[in-house]
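Please read the following report alongside the sequence and the 3D view.

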Amino acid sequence: MTTATPAAPTVARVTETTQTRTAPSGSSGGTRSPEFRLAMDALGGLRRDLFHDAFAYRPLPPMATDGPLTRRLSGKPQRYAARLPHAVVVALAVIALFAGSAGAGTMGGPPALLSGLMCAAPVLATLVRPVGAFWMSMAATPLVALLDGSLREWPWQPGVFVCHLAVLVIVAIRTRPRTAAWMWVLTAAYALFTETVIGDGEYNTSAPMLFLSALALLMVAVRHVRREARQEVTAQRTVTAHERSRRTLLEERTTIARELHDVVAHHMSVVAIQAEAAPYRVENPPEELERAFATIRENAVAALTELRRVLGVVRAEDHEAPDAPQPTLADLDALLANVRDAGLTVDKAVTGAVRELPPGVELSAYRIVQEALSNTLRHAPGASARVEVSYVLGGLGLRVVNGPMPEPSLVKPSPGAGHGITGMRERVSMLDGEMTAGPADDGGYEVAVFLPVTVQTEGEA
């Protein structure tokens, strides 16, 4: 007896077998259709919004008191204003209580009071358990109708009509638009179910409930969207302002590094050249002196090379070194003449013994005065300014103050972001100085700077 050899499995059979084994039970294939995934996502959203931790404790927080009206209050009135939403909810609960008690048909006494309490309880529950309050309102709707018995208004009696509408609006305000949409869908489903199974009453309240609740929830959703858009715009503006300030600070540091590179590199070059030429100015210089000058020159050249390597990287590829020397305080008169030609009335006062200061201090002082006068031209057109330079024992004092802008003024001030102040503070911080900038008493603006300068004695020199 011979046994037939089974045929080798083909690729199609292997693929079919694999799909059959990997396909989940209850499905027709290994992939889900987009409609099925959309439906599952929707059901998942419904479960998260209205079923998961529906009765979780979420107390209503106090209202922010930074609005245009509440910020003017202080003390107890401001604290009371923060509790205004709680007072509104309590007022709505009282209205639902009276509506439920008065609309209880022929009932009176305890049944009418019970009907009113069932209408007021869900509204009060929105203060602590908003999603749970929605389910309480849904449960109170048939209970109040059964308690009444007359079924004149169906399916929402007057009390539960006020209750359910208030609960929908409050919960929508406290949650998000998707939750509001699900609550409205369930409300519509309940209305459709009652009309299909039980029928209409003497007066059907489904259409008014669905119309008014849809209109109210739409307004709440628009409010949510506007608030989120405003918050996003504010966050983007904050990030943009921070990035702009950071970029300006980096640009100012780059400018300072370039200027210092030019100043220090010039002086280091002079030191190297003078150290190389010094031995030739002395007849028969000692060997120790020649070695000392050679060491000075080598150190100066090494320092210059390192300086160019470290600070030279901050130069842009298209940056060219200025042909003229960097400005100093001796060039202030030319700067003041330039701004006077631009229409700024400016005076200068110098106190103390004028002396030569370190190049970095001279350059930074000139740039600070230049930027302060530029800010006056941009932000206070038509105002006068005064520049005060004080040479004191421990350093240099600067004060640039401008008066208020005249009214009326034909030239409008520039709405600049004030990055000039950032650059001035960076220069002052680099020199371990102090700076204050702010409005003056007369309505103008004042910039005061002190740059310390170490005093060298004859022995140190």
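The report below takes up the cysteines, a helix pair and a strand hairpin.

## Basis of the model

This is a predicted model, in which local features need pLDDT of at least 70 and side-chain atom pairs count only at pLDDT 80 or more, while totals for chains, interfaces and linings use all residues. Residues are numbered from 1 along each chain as its sequence is written, and side-chain values use heavy atoms, with hydrogens and water left out.

## Cysteines

With a disulfide taken as a pair of cysteine sulfur atoms within 2.5 Å, the count comes to zero. The closest cysteine sulfur to that of Cys 119 belongs to Cys 163 and lies 5.8 Å away, which is too far for a bond; Cys 163, likewise, is in no disulfide.

Cys 119 is buried at a relative accessible area of 0%, where buried means under 20% (1.4 Å probe, protein chains only). Cys 163 also counts as buried, at 0% relative accessibility.

## Helices α4 and α5

Helix α4 (residues 84-102) packs against helix α5 (residues 110-125) at an angle of about 155 degrees, the axes being 7 Å apart. The two are therefore roughly antiparallel, a term for angles over 145 degrees.

Where contact means heavy atoms within 4.5 Å, the α4 residues that meet α5 include Val 89, Ala 93 and Leu 97, and Cys 119 is one of the α5 residues that meet α4.

Strands β6 (residues 434-439) and β7 (residues 445-452) pair in the antiparallel sense over six bridges, pairing requiring at least two bridges found by DSSP. Pro 439 stands opposite Tyr 445 of β7. Five residues separate the strands of this hairpin, and Gly 443 in the turn has a positive phi of about 100 degrees.

Conventions: Buried means under 20% relative accessible area, exposed over 50%, partly exposed in between (1.4 Å probe, protein chains only). Helices (H or I, at least four residues) and strands (E, at least two) are DSSP runs, numbered from the N terminus. Axes are lines fitted to C-alpha atoms, for helices over the stretch in contact, and angles run from 0 to 180 degrees between N-to-C directions. Angles under 35 degrees count as roughly parallel, over 145 as roughly antiparallel, 65 to 115 as roughly perpendicular and the rest as oblique.
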